[in-house]
Amino acid sequence: MTSTLPSLHWQAAMTAARTITEKWNPPGEPGGAIALFDSRSLQGHSAGGLANLTTGERFSIDNVVRYASVTKHIFAALALLRSDAGLSLSDTLGQYLPQLKSPMSHVTIGQALDMTGGLPDVRETLSLLGVSVYTASEPQAILDFLAQEGSLNFPAGSEISYSNTGYRLVEAILNSQGILFEDLLQKYIAQPLDIALHAPETWFDVVPGLIPGYWKGKSGWKTASAGLHLSASGSLTGSLRSLTVWLQSLLANRGPGAGVLKTLTAQRYLRTDTASAYGLGTTSSTLGGHTLYGHGGSHAGYKTYFLLHPELDAGVALVSNREDTAAYSAALDVMSALLDSPLPSRSQAIPDGLYASVAEPYWLNVNQGVASYLGSADTLFEGADKDEAISLSAHMPMRLRWDGHSIQGEIGHAPRRFVPVEPNNCLEMVQGRWFHPASKAAFDIEGDQFVMGVGPLRERGKLTSLGLGRLLVEMPDGPWQKSFCLYFQGYNGFVE
């Protein structure tokens, strides 16, 4: 008996792709491109908008962009399969980086790469300390900074939460052995496939053909930039065509891509034996019974995403040089058309509002079916029934229910319970200057304003009471709006 695989609807997918790229065509706006492919050929592509707002060059699949976190799966493949570092997923970071303190030193390489390590994200941490997204940094200084304390956001293996730091630390392990990501990239991928990929160390390195990224400010489109040392968590540059050629080698399971998908998509588990949908630089998702593998990327002014269906030998990839691109939903829309498999219905189970956990610093904002948690916004879809709301995100899985009084369920595979915010007078009790001795960072609370920085660089944010000694801060961070929670367990002007 033979089974018949579902047919692929390439023309419908191309129509969906053109619908997306057409929205980038208003005069004077940046854009992007979408490619559809199987392991043998490029089935079609569509582009819209401009590659360069200065020259007016139209966007094409040959423009070089920053792949951002799409880098992760390529780095993981090279570090584990092609380097001579002898890394095992069960090895601990401390075995190779003795300067790390416990408990960070006990995080395994597997946990560092599969987002269960609890490692604090460097960029988020620096932002909380008042370091601008534009401030340049060096890799050794960042490694020293991480080694100072060694604390984790949660016990390793207990939940999943996206962090770039694990990839930065594994790259530091390779560097300590004289192994460079760029060298591995050229030897094992770029040269064999005859494609132009590069892994610059900083935003300011010259990359042949790299087009600008853009974000939209109050007075129009702005050229994006960032100062943080890029690291192997998101340093890769290349075109959509080059990315497609690499992804085709993964689907074909030959040449540079031989054995890669099997390694990267192998099932990962939390300590509780809970299966995770995040692999090694890849995510697993389902769409109408189809299993898809992929990953996205987001740098200031750049967005990327790819989805692969190995069983049906099909893929979708998207790159964009505009900050407002919803890359994941766009890639899903195209793949949905390709498979003739509609997305689940949007959930309206959770009432709009601001929620907080009890005696914990966790908060959740729900607005028109989009849930924002720890700075990540995810669309909620109907789950097992209409009363269950789920996200389709592998790095921020949500499964929530509203019981009429509270939200209960899981986020990141960790149990969470939220109740509607009941503001109190905490704000009145925390006025003045607050100081963090270890980092020498400080901020001021002036009325309902959070103020941080020095001289003309002082930034202001809006404070909202979450009750029980907690305040929500919302303030600009370059092209983004950042939100975080201040949790006061005392009122002495020092922050632990």
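G467 has R470 as its bridge partner in β26. The structure is a predicted model, in which local features need pLDDT of at least 70 and side-chain atom pairs count only at pLDDT 80 or more, whereas totals for chains, interfaces and linings use all residues. Residues are numbered from 1 along each chain as its sequence is written, and side-chain values use heavy atoms, with hydrogens and water left out. Helices (H or I, at least four residues) and strands (E, at least two) are DSSP runs numbered from the N terminus, and two strands are taken to pair if DSSP finds at least two bridges between them.

On these terms, β25 and β26 pair in the antiparallel sense over five bridges, and in their hairpin, which has two residues between the strands, L468 adopts a positive phi near 55 degrees. Strand β25 (residues 459–467) also pairs with β24, again in the antiparallel sense, over four bridges, with F450 standing opposite G461 in β25. The hairpin formed by β24 and β25 has six residues between the strands, and G453 in its turn shows a positive phi of about 120 degrees.

At least two lining residues are supplied by each of β23 (441–446), β24 (449–452) and β26 (470–477), and the largest share, four residues, comes from β23. The lining divides into twelve nonpolar, six polar and six charged residues, where Ala, Val, Leu, Ile, Met, Phe, Trp, Tyr, Cys and Pro count as nonpolar, Asp, Glu, Lys and Arg as charged, and the others, Gly among them, as polar.

The largest nonpolar core has 79 residues, and those with the most contacts inside it are L87, L93, L169, I189, W246 and L247. Helix α2 (residues 71–82) gives the most to this core, with seven residues. Apart from it lies another core, of 28 residues, among them A16, L332, L339 and I390. Such a core is a set of buried Ala, Val, Leu, Ile, Met, Phe, Trp, Tyr and Cys residues joined through side-chain atoms within 4.5 Å, with buried meaning under 20% relative accessible area, exposed over 50% and partly exposed in between (1.4 Å probe, protein chains only). W246 is in contact (heavy atoms within 4.5 Å) with H73, I74, I189, L193, I195, P256, G257 and V260, residues up to four places away in sequence not being counted.

Backbone geometry was also examined in several loops. A68, in the loop between β3 (64–66) and α2, has a positive phi of about 55 degrees although it is not a glycine, and at 1% relative accessibility this residue counts as buried. D273, in the loop between β7 (268–269) and β8 (275–276), likewise has a positive phi, near 70 degrees, but is exposed, with a relative accessible area of 62%.
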